[in-house]
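Visitor: Hi, could you walk me through this one? I'd like to ask things as we go.
Guide: Happy to, here it is.

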Amino acid sequence: AGLWCPSALPSAKGNLVETAELALADGNTIRAHAVRCLPFLPARLQGDVPPTPALLRKVGAYVGRVDVALRSFDHPAVRRTHLWDLRQLPALRPLLGSLALDAQRAAVDGVLAEFDAAVAPRAPKLRMATIHGDANDQNVLVDEAGEEVVGILDFGDLVRSWQVCELAVTAAYILITLDYDETPAELAPLDAVRAVAAGYNGELPLTDDEWAVLPTLIAARLALSLTVGSYSAAQ
């Protein structure tokens with residue numbers, strides 16, 4: 001897991017990690033343990049704040065800045081096959097039987113077909129990067145007023161993937177959490193996606209190919225969440 005925020009303070013040695021030496025159960029063996037401390041960050045979850053176009057633009061911009069920071073990060077552990085990585089969407093096919101409704105299976109199957117037709121041929125042109133991969137409304141932190149984004153947590157889905165997947169995941173979760181009975185007209189689904197995409201694009205401008213695949217990748221995250229959730233419940 002972990003937290004990323006601009007207020008993380010370095011230690012006197014210039015990093016966020018110190019060590020403490022503790023004796024093991026035999027009383028003789030001493031082992032050094034890593035101790036990582038971060039400052040407390042007063043914040044609320046994005047999901048606890050009513051969405052507005054201005055806030056969603058800031059969410060997109062903040063996630064974009066996280067991706068800018070991650071551009072220089074690489075590690076063998078992020079170069080993995082991870083089911084939640086949208087590049088792995090075809091791996092959902094064996095799990096479709098876990099969906100209870102024919103309409104659900106048809107919808108997910110349609111997304112898979114669209115992925116094969118519209119995304120896979122463009123794969124060589126999509127930029128690769130290390131991404132957070134899970135910027136949902138329970139992982140994005142906002143200030144007490146609900147007006148500014150101040151942090152992001154839970155790096156458990158960190159993976160090297162298509163950079164545009166970051167925006168697709170963020171947008172998909174915004175669509176999931178909109179209240180379609182009470183959301184004001186200016187936050188119709190497409191307007192909400194436009195707001196978060198505008199914020200992200202201001203920090204990391206998308207290429208024409210990335211714009212082209214974005215709608216399908218948003219649908220892919222929705223299909224992935226539905227299918228894996230149903231499969232997990234069935235188990």
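Guide: One term before we start: contact means heavy atoms within 4.5 Å. This is a predicted model, where local features need pLDDT of at least 70, side-chain atom pairs count only at pLDDT 80 or more, and totals for chains, interfaces and linings use all residues. Residues are numbered from 1 along each chain as its sequence is written, and side-chain values use heavy atoms, with hydrogens and water left out.

Visitor: Good. Which residues is tryptophan 84 in contact with?
Guide: Setting aside neighbours within four places in sequence, tryptophan 84 contacts Asp157, Tyr173, Arg221, Leu224, Ser225 and Val228. Tryptophan 84 sits in the loop between α1 (53-70) and α2 (102-119).

Visitor: And is tryptophan 84 exposed, partly exposed or buried?
Guide: Tryptophan 84 has a relative accessible area of 26%, so it is partly exposed. Buried means under 20% relative accessible area, exposed over 50%, and partly exposed in between, with a 1.4 Å probe and protein chains only.

Visitor: What about valine 228, where is its place?
Guide: Valine 228 is in helix α5 (residues 208-234). Its relative accessible area is 9%, so valine 228 is buried. Not counting residues up to four places away in sequence, valine 228 touches Leu83, Trp84 and Leu92.

Visitor: How many residues apart along the chain are tryptophan 84 and valine 228?
Guide: They are 144 residues apart along the chain, and their C-alpha atoms are separated by 9.0 Å. Valine 228 and leucine 99 are 129 residues apart in sequence, with 9.2 Å from C-alpha to C-alpha.

Visitor: Let's zoom out. How many helices and strands are there?
Guide: The protein chain has five helices and eight strands. Here helices (H or I, at least four residues) and strands (E, at least two) are DSSP runs, numbered from the N terminus. Along the sequence, the pattern is β-β-β-β-α-α-β-β-β-β-α-α-α.

Visitor: What share of the chain is buried?
Guide: Buried residues make up 40% of the 235 residues in the protein chain. Among contacts between residues at least 6 apart in sequence, 75% join residues at least 24 apart.

Visitor: Which residues line the largest cavity?
Guide: The lining includes His82, Trp84, Asp85, Asp157, Cys165 and Arg221. The elements giving two or more residues to that lining are β8 (159-162) and α3 (164-177).

Visitor: New topic: how much of strand β7 is buried?
Guide: Four of the five residues of strand β7 (residues 149-153) are buried, so β7 is largely enclosed by the rest of the structure. Strand β6 (residues 140-142) runs antiparallel to β7, and three bridges join them. Two strands pair if DSSP finds at least two bridges between them. In this pair, leucine 141 stands opposite glycine 151 in β7.

Visitor: Which residue has a positive phi in that hairpin?
Guide: That is glycine 146, with phi near 70°, in a hairpin with six residues between the strands. Aspartate 154 also has a positive phi near 70°, in a residue other than glycine. Aspartate 154 lies in the loop between β7 and β8, and is partly exposed at 27% relative accessibility.

Notes: 1 Å grid on protein atoms, 1.4 Å probe; cavity = no way out; pocket = protein on both sides within 12 Å on 5 of 7 lines; lining within 4 Å.
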